[in-house]
Amino acid sequence: MAKVKKLNSMRLLEANSVLYEVHRYDKTIRDAALVAEAVGFGAEEVFKTLVAEAPSARKPVLVLLPSNRRLNLKRLAKALGEKKVALAAHADAERLTGLQVGGISALALMHKRWDVYLDRRAEALEHIVISAGQRGLQLRVEAAALVELLGCELVDVADPLT
């Protein structure tokens, strides 16, 4: 296997002594559930990162939830203390983050100091898989270490896909 170019997300994990594994997949895959299948983990272990905005907030928030779930906007709004929140459109998410949809990573966006919300289902898992900040690369990290590093707030905001 070819050597992986070190990304800022990996440097951040290393600087904080957080162990990680790199998992590659075909970067043309854009669906989170298919990414989970491609990297060989259950859909409940592979977390997608969504960008959400509230009309009264000064900056967006990042929400991580299992790839086999969908975001419940009403519960997210309640967790944020907002009346309403919306998912950023793909073009807006890319403009706001500077990353491609499918490669948006909370680790790669730490410098923006956005609030990060992690679906509570991560508590039941020892490790979760998240984007490395580039399409085609996922990182498997210890869930508790990720929560501490990112300062995530654990929330119940994911519903089953129907």
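Predicted model: local features only at pLDDT ≥ 70, side-chain atom pairs only at ≥ 80, totals over all residues.
The largest nonpolar core has 34 residues, and Val 51, Leu 107 and Ile 128 have the most contacts inside it. Helices and strands both contribute: two or more residues come from each of helix 1 (8-15), strand 2 (47-53), strand 3 (61-66), helix 4 (90-97), strand 6 (116-119), strand 7 (127-131), strand 8 and helix 5 (143-150). Helix 5 supplies the largest share, five residues. A second, separate core has 13 residues, among them Ala 54, Val 61, Leu 76 and Ala 77. In soluble globular proteins, nonpolar side chains tend to be buried together.

Beyond its neighbours within four places in sequence, Val 141 touches Leu 13, Leu 19, Tyr 20, Glu 126, His 127, Ile 128 and Leu 146. The C-alpha atoms of Val 141 and Val 22 are 9.3 Å apart, although 119 residues separate the two along the chain.

The largest pocket comes next, with a volume of about 550 Å³. Its lining comprises 24 residues, and Arg 30, Lys 48, Thr 49, Leu 50 and Val 101 are the closest to its centre. Helix 2 (32-39), strand 2 and helix 4 each give two or more residues to this lining, with strand 2 giving the most, five residues. By class, the lining holds 14 nonpolar, seven polar and three charged residues.

Note on methods
Residues numbered from 1 in each chain as written. Heavy atoms only, no water. Contact = heavy atoms within 4.5 Å. Core = buried A, V, L, I, M, F, W, Y, C linked by side-chain atoms within 4.5 Å. Buried < 20%, exposed > 50% of the residue type's maximum accessible area, 1.4 Å probe, protein only. Helix = DSSP H or I, 4+ residues; strand = E, 2+ residues; numbered from the N terminus. 1 Å grid on protein atoms, 1.4 Å probe; cavity = no way out; pocket = protein on both sides within 12 Å on 5 of 7 lines; lining within 4 Å. Points joined across faces, edges and corners; volume = space filled by probe spheres on them. Nonpolar A, V, L, I, M, F, W, Y, C, P; charged D, E, K, R; others polar.
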